[in-house]
Amino acid sequence: MQGCKKVVSIQDISGLGRCSLTVVIPVLSAMGIQVCPVPTAVLSAHTGYSEFVMRDLTDFMKPALEHYKKMDMKFDCVYSGFLASSEQIDHCLEFFEAFPNALKVVDPVMGDGGKAYKTYTKELCSRMVELVKVADIITPNLTEAAILLGEEYPTASMRSSEIKSWLVRLSKQGAKIVVITSVNLADGGMSTVGYDKENNSFWKIKNDYVPAHYSGTGDMFTSVLIGGLLKGDSLPIAMNRATAFTELTVKTTYSYQTQWTDGLMLEGQLPWLTSYQELRDYTNL
């Protein structure tokens with residue numbers, strides 16, 4: 001039997017509010033992939049709560065890397081998510097350099113809804129570009145794509161030609177694959193769009209609109225996308241799989257009218273990831 005693929009996931013872990021590692025670990029584990037977490041911080045609750053207790057673990061990151069190098073570990077993917085400081089970006093760059101054969105995935109978690117998160121200074125946003133340059137795959141939402149490109153957040157729907165231009169410009173920063181979520185298209189409604197630079201192919205998956213926002217949605221999407229690609233999905237099928245599972249959990253959570261801070265109710269939906277699905281909602285952009 002072929003052994004499990006291994007993913008190093010570099011991001012925080014929160015006790016309350018499903019996001020970051022508490023989403024990444026169950027999702028990828030359900031897909032048959034081992035997650036090797038490198039926590040950047042431990043929080044009693046994520047920062048969307050009015051109060052939380054936090055312990056910064058920046059000083060853990062380099063010793064963890066040195067230990068893995070000493071053990072001559074091999075990883076199939078290095079995956080970075082929410083980062084809290086420039087020093088953590090430096091350590092992520094060291095992880096990417098240490099495992100050159102691993103798939104390098106950057107979810108450039110910087111903001112949403114047209115605004116950067118309060119913890120993301122101009123310096124931190126500009127340094128995120130350094131990670132993007134060495135990544136194979138990046139998965140920004142539309143807000144983060146605008147920040148990376150130095151563009152104003154589009155308040156009106158975008159034409160396909162406009163978002164294609166954004167995808168290509170982002171790929172020129174370094175990534176072979178760019179996937180942007182939460183794009184309102186003039187000819188397709190709310191959509192997820194992707195670009196494969198090697199094949200010069202553009203893809204689109206339409207999303208059902210749900211009038212709610214939940215923490216951890218981006219973490220879930222990127223994790224399922226990584227899982228699909230590592231298991232052999234083509235880019236559009238992996239996008240379709242990630243979109244469908246995220247939409248399923250969003251709708252489930254919305255039906256219970258839970259607080260957005262609680263995150264997505266994924267626990268009861270994890271079996272979907274191992275069941276057979278006909279994934280054919282993707283179209284050319």
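A: Let's start where helix H7 stops: Gly232 follows this helix, and the phi angle of Gly232 is positive, near 110 degrees. Helices here are DSSP runs of H or I with at least four residues, strands are runs of E with at least two, and both are numbered from the N terminus. Keep in mind that this is a predicted model, in which local features need pLDDT of at least 70 and side-chain atom pairs count only at pLDDT 80 or more, while totals for chains, interfaces and linings use all residues. Residues are numbered from 1 along each chain as its sequence is written, and side-chain values use heavy atoms, leaving out hydrogens and water.

Now for H7 itself, residues 217-230. At 1.5 Å a residue its 14 residues should span 20 Å, and this agrees with its end C-alpha atoms, which are 20 Å apart. The expected span is 1.5 Å times one less than the number of residues.

H7 is mostly covered, with 12 of its 14 residues buried. Buried means under 20% relative accessible area, exposed means over 50%, and partly exposed lies in between, using a 1.4 Å probe and protein chains only. Among the buried residues of H7 are Asp219, Met220, Phe221, Gly227, Gly228 and Leu230.

Two of these names will come back when we turn to the nonpolar cores. A nonpolar core is a set of buried Ala, Val, Leu, Ile, Met, Phe, Trp, Tyr and Cys residues joined through side-chain atoms within 4.5 Å. The largest one has 48 residues, and Ile10, Phe95, Ile163 and Ile180 touch the most other members. Helix H4 (residues 122-134) gives the most to this core, with 6 residues. Apart from it lies another core, of 37 residues, which includes Phe221 and Leu230 along with Val24 and Val35. In soluble globular proteins, nonpolar side chains tend to be buried together.

Stepping back, you can find an open sheet of 10 strands with mixed pairing, in the order S3-S2-S1-S4-S5-S8-S9-S10-S11-S12. Strand S3 (54-56) and strand S12 (283-284) stand at the edges with a single partner strand each, so one side of each has no neighbour in the sheet. Two strands pair if DSSP finds at least two bridges between them. Strand S4 (residues 77-80) and strand S5 (residues 103-106), for instance, run parallel and are joined by 4 bridges. Ser80 has Val106 as its bridge partner in S5.
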